[in-house]
Amino acid sequence: MPSSSSHSESIRKVFREYSLVGPEAIKAQEKGLVSAVWYQCPIPRKRMKQLMQRRDGPALRDTALWLLLLGVTGYGGYYFWGSYTCIPFFFAYGVLYGTAANSRWHETGHGTAFKTRWLNDVVYYIACFMVMYEPHVWRWSHARHHTDTIIVGRDPEIVEPRPPSLVKMVLSVFSLPHGLAVFKSLFRHAVGRIGEQEQTFIPESEWPKVYLTARLWLAVYILTIGSALYLHTWLPLMFILLPTFYGGWLAYLFGVSQHVGLAEDELDHRKNCRTIYMNPVLRFIYSNMNYHLEHHMYPMVPYHALPLLHLEIKSDCPPPYSSLFSAYREIIPTLLKQRKDPAYFVKRSVSNPRDEAIPAEIA
């Protein structure tokens with residue numbers, strides 16, 4: 001039986017540096033994994049254009065319902081503040097704030113949720129604030145994530161590097177590592193400094209916007225905390241700032257289910273993304289991002305058309321997971337195995353090997 005020292009040594013041998021300015025970034029370039037051509041399931045061009053059609057209607061409906069639910073649950077929490085009856089209202093408010101906003105910034109950040117550009121921008125900035133995602137940082141970070149999805153040394157949004165830290169994952173359920181990182185980032189940006197890794201994906205022309213946003217956000221947070229101290233109540237913080245932490249647990253569960261445990265450095269989204277069937281309530285909260293393979297393969301298809309896109313390509317993709325629970329029945333054992341063997345991952349079977357397939361040409 002191997003000793004603990006030899007086990008630690010075996011982990012060190014396969015440990016990879018996930019930094020965007022480390023040796024893995026150079027290796028990714030040498031392997032031809034940077035801004036590479038990805039496999040796309042073939043779809044007739046006419047049908048693809050139909051699926052990519054942007055409309056204001058679905059997003060206006062869903063955004064209005066989201067804001068209405070935020071208002072109702074927030075008012076319920078305020079009205080019953082001081083009694084246990086406020087708990088279910090703030091629980092729902094937190095999920096709508098800390099989780100539903102997460103998918104809203106994502107979709108509007110792609111510019112596909114609404115047809116009207118300014119509507120995308122308004123919802124994007126509001127949702128980013130709610131989940132503490134600096135808008136100018138994450139717009140460029142997410143563009144890199146789609147260009148080099150789960151390419152080690154290139155993708156700044158790899159949720160759980162290998163071997164995973166179980167302590168960090170538990171803390172992430174409450175958004176604590178995220179919140180700490182954001183506050184460090186805000187203070188750094190507020191004094192006019194951009195991180196070394198951020199410089200690899202944020203154009204220098206965007207840096208003044210990053211600095212200004214950080215200063216504005218810190219001012220709002222200071223005012224919110226100051227009002228809570230002045231009024232001697234937690235209530236202001238229950239509406240701003242704290243919901244990111246007490247309501248972001250579902251966003252984290254969604255985030256882990258997207259790519260964790262699947263292949264790294266693979267130019268086929270069928271092997272590094274999961275599509276998971278979910279009920280209508282979860283799909284509303286998640287903005288159909290449970291169709292994650294479809295979204296990564298064709299990111300310009302609006303969220304409301306992803307179920308139709310799924311039907312078009314499902315025969316060329318691995319079977320979808322039947323539920324979030326089903327996905328976690330695979331993810332949890334995989335994470336435990338990766339603690340001992342960081343090189344381990346789930347191999348998703350595909351109908352056509354990438355090197356035999358012809359990428360679809362989309363106008």
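Is H142 buried or exposed? H142 is buried, with a relative accessible area of 9%, where buried means under 20% relative accessible area, exposed over 50% and partly exposed in between, calculated with a 1.4 Å probe on protein chains only. The views below come from a predicted model, in which local features need pLDDT of at least 70 and side-chain atom pairs count only at pLDDT 80 or more, whereas totals for chains, interfaces and linings use all residues. Residues are numbered from 1 along each chain as its sequence is written, and side-chain values use heavy atoms, with hydrogens and water left out.

View 1. H142 lies in helix 7 (residues 135-147); helices here are DSSP runs of H or I with at least four residues, numbered from the N terminus. The side chain of H142 is joined to that of H106 by a polar contact of 2.9 Å, a term for a pair of N or O atoms within 3.5 Å of which, within protein, one must be able to donate a hydrogen and the other to accept it, residues adjacent in sequence counting only if both atoms are side-chain atoms. With residues up to four places away in sequence left out, H142 touches W105, H106, H110, E157 and H295, a contact being heavy atoms within 4.5 Å.

**View 2. W105 and W66 in the largest nonpolar core.** A nonpolar core is a set of buried Ala, Val, Leu, Ile, Met, Phe, Trp, Tyr and Cys residues joined through side-chain atoms within 4.5 Å. The largest such core has 81 residues, and the members that touch the most others are W66, W105, V301, L309 and I313. Helix 5 (residues 86-110) supplies the largest share of this core, nine residues. Beyond four places in sequence, W105 touches Y124, A127, C128, V131, Y133, W138 and H142. W66, placed in helix 4, counts as buried at 1% relative accessibility and, leaving aside neighbours within four places in sequence, is in contact with L96, A100, A101, R104, V123, M130 and F284.

**View 3. Helix 6 and its cover.** Helix 6 (residues 117-131) has 15 residues and reaches 21 Å from its first C-alpha to its last, close to the 21 Å expected at 1.5 Å a residue, the expected span being 1.5 Å times one less than the number of residues. Its buried residues are L119, N120, V123, Y124, A127, C128, F129, M130 and V131, and what covers them includes helix 4 (57-79), helix 5, helix 7, helix 9 (176-190), helix 10 (207-231) and helix 12 (242-246). M132, which follows helix 6, has a positive phi near 60°.

**View 4. Salt bridges between parts of the chain.** The structure holds 13 salt bridges, each defined as a side-chain nitrogen of Lys or Arg within 4 Å of a carboxyl oxygen of Asp or Glu. R47 and E312 meet through their side chains in one of these, at 2.9 Å from N to O; because R47 lies in helix 3 (residues 45-51) and E312 in helix 17 (residues 306-313), the pair ties together parts that are 265 residues apart in sequence. R47 is partly exposed at 24% relative accessibility, and E312 is partly exposed with a relative accessible area of 32%. In another salt bridge, the side chains of E24 and R16 meet at 3.0 Å, N to O, and both E24 and R16 are buried. R16 and E24 also belong to a network of salt bridges that links them with R162, E264 and D265.

View 5. The peptide bond from R162 to P163 is cis, with omega near -10°, and P163 is placed in the loop between helix 7 and helix 8 (166-172). S287, in the loop between helix 15 (280-286) and helix 16 (292-297), has a positive phi of about 55° although it is not a glycine, and S287 counts as buried at 7% relative accessibility. N288 is found in the loop between helix 15 and helix 16; its phi is positive, near 65°, and N288 counts as buried at 8% relative accessibility.

**View 6. Confidence along the chain.** The mean pLDDT of the protein chain is 93, and 93% of its residues reach 70 or more, pLDDT being the predictor's confidence in each residue, from 0 to 100. Over residues 1-12 the pLDDT is below 50, and this stretch has six contacts in the model beyond near neighbours in sequence. Over residues 353-363 pLDDT stays under 50, and the model has 24 contacts for them beyond four places in sequence.

Definitions and conventions. Helix = DSSP H or I, 4+ residues; strand = E, 2+ residues; numbered from the N terminus.
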